[in-house]
Each structure stands twice: as C-alpha cells, then as structure tokens.
Amino acid sequence: MSTITQPAAVPGRFGPYGGCYVPETLMAPLEELVRAYDAAQADPAFRTAFESLLKNFAGRPTPLQHADRLSAHLGGPKIYLKREDLLHTGAHKINNAIGQGLLAVRMGKPRIVAETGAGQHGVASATVAAKLGLECVVYMGTEDMARQALNVSRMRMLGAQVVGVESGSRTLKDAINEAMRDWVTNVRTTHYLLGSVLGAHPYPTMVRDFHSVIGREARQQILAAENRLPTHLFACVGGGSNAIGLFHEFLADRSVKMIGIEAGGRGAQLGEHAARLAAAQGYSGARPGVLQGTYTYVLQTADGQIAPTHSVSAGLDYPAIGPEHAWLADEGRASYSAVSDAQALAAAKLLARLEGIIPALESAHALAGLIERISKFAKDDLIIVNISGRGDKDM
Amino acid sequence: MTTANSTTTRISQRFAELRARGEMGIVAYITAGDPSLDATLRFVLALAEAGADVIELGVPFSDPVADGPTIQRASERALQSGTTLAGVLSLVRRIRQKSQVPLVLFSYFNPILQMGIEKFAAEASAAGADGVLVTDLTPEESAAYRGILTARGLDMIFLAAPTSTDERLKKIAACSSGFLYLISRTGVTGAKDTLAEDLPALVRRVRAVTQLPLAVGFGISLPGHVSVLGGLADAAVVGSALVSEIEKSVSPEAAATALAERMRALKAAGKSGLSRREAQQ
C-alpha cells in the first residue's frame, strides 16, 4: 500500500488527508468554488445574509438543554444536549444547506444537486432551494428511500425531484456517485450541494465552516450556564459534519475531550458495520484510501474495492470518514469508537422516555457512546452530546 | 515533467506511424475481466488484429464516478468475476506473449494506491504495459506518482476537459506523455448520437498548448464520428460502444467477432480521414 504524505499547510489538506481527487472536468468548477467561497467569506453582506437565514429561517440559536432526568438516571456526570433537532427541517444539515445555497446564488448557478442518506440533507437542500428559488434534484439510494419514506415525501412536497439510485448498495455512497455524475454532466449550470465534510477540497473545509456555529453557540452557552468549559463532547460520525461542527470551536481548548461515535452495525466483520476509526475495538477493513474526491480512512477490500457497509442509521451508513476526523484521530486530538445498532436503538428509547426527545437514530449513536462509558466519568465531569437531528423520520 | 521516455514507448511509435501515414488512430477501451480475464485476452487480440492502434484496459472499480451506465455495468460484471488489479497485470503479461499492441491501463486511483504505486509501476512495466491513465488523478495530486511512473518508463496520460482553463491545459500537457486524452463533452462516459458542437474550438485550444498526439473520447461510437474527428484529432477513443457489444453478445466468441467488425469499420473511417492540421502544414 502507498500512503500519501503532504505538509499540513496545503489548503484542503488535514495532515496527509483530504485533497482533491476528481476527474479533470470537475477541477475548474472546484477552483471556481474555492474562489467564490473565499470571496463570500470576506464579504460582510454574505455573512449577514447567512446569519439572518440561520436565525430567522432555520431558528438559530438552538438551545443547550440540561438533561437533568437523563443525568440523574445515569448517575454520573452532568449532561447537556445541544438541540440541533429543533432546527427547521429537523437536523443540523440546514446550516450547510443555507450556506451553500447562498453560494450557488452568488455563483449564478440556478440548479443544485444533492445526495442524501437519511433524507435530512435532502430535505434541507430542497427547503433552501425553495426559499432561494433554485431548481433541486436529490439523489437517494432506493434502500434509503424505503427506510426513510417520510423524508422522500417531504422533499417532493418542497418541489425537489428525488431520483432513486439503484446501483451498488443503493445507499449514501451510491447517491454521492450519482450526484457527482449529474454534476460532471451539468457543471456549467449546477452547484453540487454536498451534505457532509467529505469530497474534494473545498467541501470538507467549507461544510465544516458552515456548521461551526454549533460549537460557537455551545461554547458560549455552557460558559453562561456553568461558568466553565465542558470536559467531553460527544457526536455521531458518518461523514462527520455535525461532529466537526461541534468540535471545531473547542479545538484550542486542550482540556476538552472529543469523542466521535461511529456506526458499529451488526458486528465487527467487514460489511456488517460502518466504523472507520474503531480498529481498536476489532472493527476491520479500514485503511487510508481515496473515495469520492478525498484521501481518508475508507472501508475497503485488500485490493482497493470499496466495501459494503451496514448501519440501522442511513445517515451513518457510509464507508469513509471526513478527512479532518482522520487527522484529529491520528493526532490524538479526538477519539473515535463505535456502538451497535442495538445500543443506538436502546439509547433512543431512553432519551424519549426520560427527556421527551425522540432523537434521530444517527444522534442516538452519540448518546449510546456516552452511556457505554458512563462508569468511567467523574461526578463533576461536564458533557455535551450533540442531538444532531430528530427521529420522526425513523418511525 | 520529463517526456524523455515518450519517444521510446509503443504508444509514441504508433502515433508517429499514424502521422506519417496521415491516418486517424483508434483507441479501444474495454473493461478487463468483463466477463472474464480469459475473454478479455481474446477481445484484445481480436481488436488488435482488426486494427486498434491503442488498447485501454479498464481496471474495474466499485465506485466509477466518471463512468456512465454501460461501463458501470461492465465494472460490476468484472468485479463479480473476481477481477483485481493484480489479475489485470497478469493479463497484460499474457497479451504481451501474443501481441505488441500499445496497452494503457485505465484505472481509478484507489486500487493503485492500495497495491502501492511503486509495486504497481514496477509490475505494470515488467508485464509490458505502455502507459497509465488514472481517471481521478489530476496534475496537482500526482507529483509522487509521476516520478515513480517516469522511472519505470511508463507513459502518463492525463485527461483534459471542456471545462479546463488554458492554464490548466498547459499544466496537463506538461505532465502528459504518449498522448493527451481530451474529453469531448462535460459528462460521464457513454455513447451519444452526435458530438459536442463546441468540440472543434476545444481541440484548437488544446492544440495551441501541446505537440502531443491528441485522442478524443467520451461519446464516440460511430464511424461517422471518427470521420468528423479526422480533421481535428490524432485518434478517437471508443469505449462504451465496444463494451455494449460485449454485453449484448451471447458468448465471448460472438463478442470477439462483433468487436472486430466494429473496429474494422471505425478503422476504415480513420484511414480515410487525413488530418486537416497535417495537411495545412
């Protein structure tokens, strides 16, 4: 196996990870996107429009809620929940969709394409497209369309065209392939509204930046409520957008430990899980490789074919992890482990009964990760769990 | 970015011969291992016999983002038959025992990365491959790769696209050897009835930055397409149309016959197409 080594200072690189591995047709559009994003970042009018939509359309800031009954039940540390599930459309995905939607308008692209797994990013994209007057096509694996049927109906209600993807495992990875094929064909009129911190540069950086509001709010809120920083952050990690959104603002706070929870699925054998950074727990098959534009940890066979994955949660059912997470793991700044389908389902039920919150199955993984290690925490530990989405879709 | 090796490979020799004869080349793409590596050996020999100037052997990949439905299905069939990159390299070795047709390995990056670029280049070169094209590797990310392939005397073919700026075209040309592969339109691979209207202007933009032979691909399936390109390019790349013949055929024997027939028709169009550019000089 070859490994890629690059200095961390290269734009779009997180240590050796990230980069830009795409067919040539997409290179000029990606360069255009980098320029447009840089210019937007420097433009106060863009920031104002973004923040206004986050506040007045999406409903930010979201609460940081003390989960007092859950904390008492678990008998350990004090637990807070970052309530991204309360956002318009029901998940954190709307933050990034608003940012990229505004960017599409700024670039003069009248059409957006998006992929979706659980359907939350598809719904967020369809919602923003409606609000900004853009045409929207969402690619979704037919396996996911069956298990997240409510979100398919919502996207269609919002005026988006939902295209079922029959290839491969008919899940998120295949939806991304198909969205990339659409983009490469219609690139002059179309922006690809990628929904996680995946893909070629600038997506992992740009999507992180649009979600970093989660951590900025959480940091201020916990300081206001407790007058100290949290000791631990928990978030689920598929591609890893809600996790990096929460973690990013705390990276310089070296005392704050960050834990990403992956989908352990039905077992540790390759094909039964979607855990890319949990080799220490025995989950097999992940090595650095290139998938869909980026160099990162990928679940794959010995000869470099991408492996099938399984998770009860469509949003975590993906063979690669965002490249910045791969770097944070290598550096030891964040740690990653997996919980099973069954643990996630049990955690979702517990949160519903104790706190009156039905979390998305994705977010339930974060909570299950906390529950699994609850005995290791001290009474005065202070925890934030990102409840990245609500669970209506999973009913 | 040396191209010192490019005058010595079978690819460069073939393009020099084509130019001398005023003939358009035909580059044939098929997916290796579809439906088996034994069948691919037979197909390659039939295509070479029928006049294919360069053969691209597609290394199947589970997630071919640059490919349309025809080659996606071929990749699935090849993977189902157990095809690996190592298997494709052993096929190259078998082809070389019987034919000197120029061979290009056409792959996505991950299988090469997992084998190890060094090992891949050493084995590809030893097996008798002449060049490598990696669909999702651009000049920017390829410094290490280029160094390794150059040392092994392998041509490196990079893609140029309708969206490539002149600045990018220069960069791509400077990194390429053997020939430059120009994508005729935005999109994925697959046969189309007509060529893109802006193709002549695109070819002129590429001609302005390189002396390398130019092969135009994506959407080319018919002798008529080849005739149109005859005034513009050094070669036409035909892929999905050939892969379709394999898919439609009832047996490898029938497929080999159908491939040879198609190739003869394409090659006849290529032979009658004098390069307008050469004629003007």
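The model is predicted, so local features are given only at pLDDT of at least 70 and side-chain atom pairs only at pLDDT 80 or more, whereas totals for chains, interfaces and linings use all residues. Residues are numbered from 1 along each chain as its sequence is written, chains are lettered from A in the order in which they are written, and side-chain values use heavy atoms, without hydrogens and water.

- B:Asp34 sits in the loop between strand E1 (25-31) and helix H2 (37-49) of chain B, where helices (H or I, at least four residues) and strands (E, at least two) are DSSP runs numbered from the N terminus.
- B:Asp34 counts as buried because its relative accessibility is 2%, buried being under 20% relative accessible area, exposed over 50% and partly exposed in between, with a 1.4 Å probe and protein chains only.
- The side chains of B:Asp34 and B:Arg77 are joined by a polar contact of 2.7 Å (a pair of N or O atoms within 3.5 Å; within protein, one must be able to donate a hydrogen and the other to accept it, and residues adjacent in sequence count only if both atoms are side-chain atoms).
- Apart from neighbours within four places in sequence, the residues in contact with B:Asp34 include B:Phe43, B:Ala74, B:Val243 and B:Ile246, contact meaning heavy atoms within 4.5 Å.
- B:Val243 and B:Ile246 are among the buried residues of helix H11 (residues 240-248) of chain B, and the buried residues of H11(B) pack against E1, H2, H3, strand E9 (235-238) and helix H12 (252-272) of chain B.

**B:Arg19**

- B:Arg19 belongs to helix H1 (residues 10-21) of chain B and is partly exposed, because its relative accessible area is 28%.
- The side chain of B:Arg19 makes a polar contact of 3.3 Å with the side chain of B:Asp234, and the C-alpha atoms of these two residues, 215 residues apart along the chain, are separated by 7.7 Å.
- The backbone oxygen of B:Gln211 is also reached by the side chain of B:Arg19, at 3.4 Å.

**Helices H9 and H10 of chain A**

- Helix H9 (residues 203-211) and helix H10 (residues 213-226) of chain A pack at an angle of about 35°, with axes 5 Å apart; axes are lines fitted to C-alpha atoms, for helices over the stretch in contact, and angles run from 0 to 180 degrees between N-to-C directions.
- A:Asp209, A:Phe210 and A:His211 of H9(A) meet A:Val213, A:Ile214 and A:Gly215 of H10(A) in this contact.
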